[in-house]
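Q: Could you walk me through this protein, one piece at a time?

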Amino acid sequence: AGNVIDLDVSNRLQVVEALIDEALSKVLVFCGFRHAIENIAEHLGEAGYGVEVIMGGVSLKKRSDIIDRFQRDSDIEVLVCHPAAAGHGLNLTAASS
């Protein structure tokens, strides 16, 4: 059963990568599970994408810094966020997907 779960996660990560590759600009990925956010960010980082993460417990200052880097730094292509941590008051102009 463990291999089926790993395969499912692998397939989802491949879909995320394909969406990033098709995007004309930057990409937001929302995920409701901390462990999945960590796995997505790690996988995308290892695949060569510039990634930032916003999860619960991030201070407002750090959240603001992360958003600023995502919007201004051309090397940061993906922002992976927990909806509760980043879904309110998030004003992004850099992402297209």
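What follows is a short chat about the fold and a few of its residues.

Q: Before we start, what kind of model is this?
A: This is a predicted model, in which local features need pLDDT of at least 70 and side-chain atom pairs count only at pLDDT 80 or more, while totals for chains, interfaces and linings use all residues. Residues are numbered from 1 along each chain as its sequence is written, and side-chain values use heavy atoms, with hydrogens and water left out.

Q: OK, how many helices and strands does the protein have?
A: The protein has four helices and three strands, where helices (H or I, at least four residues) and strands (E, at least two) are DSSP runs numbered from the N terminus. Along the sequence they follow the pattern α-β-α-β-α-β-α.

Q: And in what order do the strands sit in the sheet?
A: The three strands form an open sheet in the order E1-E3-E2 with parallel pairing, and two strands are said to pair if DSSP finds at least two bridges between them. The edge strands, each pairing on one side only, are E1 (27–30) and E2 (51–54).

Q: Over how many bridges do E1 and E3 pair?
A: E1 pairs with strand E3 (residues 78–81) over four bridges in the parallel sense, and Val27 stands opposite Val78 in E3.

Q: Which strands does helix H2 touch?
A: Helix H2 (residues 34–46) packs on the sheet and touches E1, E2 and E3, where contact means heavy atoms within 4.5 Å. The direction of H2 makes about 170° with that of E2, and such angles run from 0 to 180 degrees between N-to-C directions, with axes fitted to C-alpha atoms, for helices over the stretch in contact. Helix H3 (residues 60–72) also lies across E1, E2 and E3, at about 150° to E2.

Q: Switching topic, is Glu52 buried or exposed?
A: Glu52, which lies in strand E2, counts as buried because its relative accessible area is 13%, and buried means under 20%, exposed over 50% and partly exposed in between (1.4 Å probe, protein chains only).

Q: What does the side chain of Glu52 make a polar contact with?
A: The partner is the side chain of Arg69, at 2.7 Å. A polar contact is a pair of N or O atoms within 3.5 Å; within protein, one must be able to donate a hydrogen and the other to accept it, and residues adjacent in sequence count only if both atoms are side-chain atoms.

Q: And what about the cysteines, how many disulfides are there?
A: The count is zero, taking a disulfide as a pair of cysteine sulfur atoms within 2.5 Å. Cys31 counts as buried at 13% relative accessibility, and Cys81 is buried at 0%.
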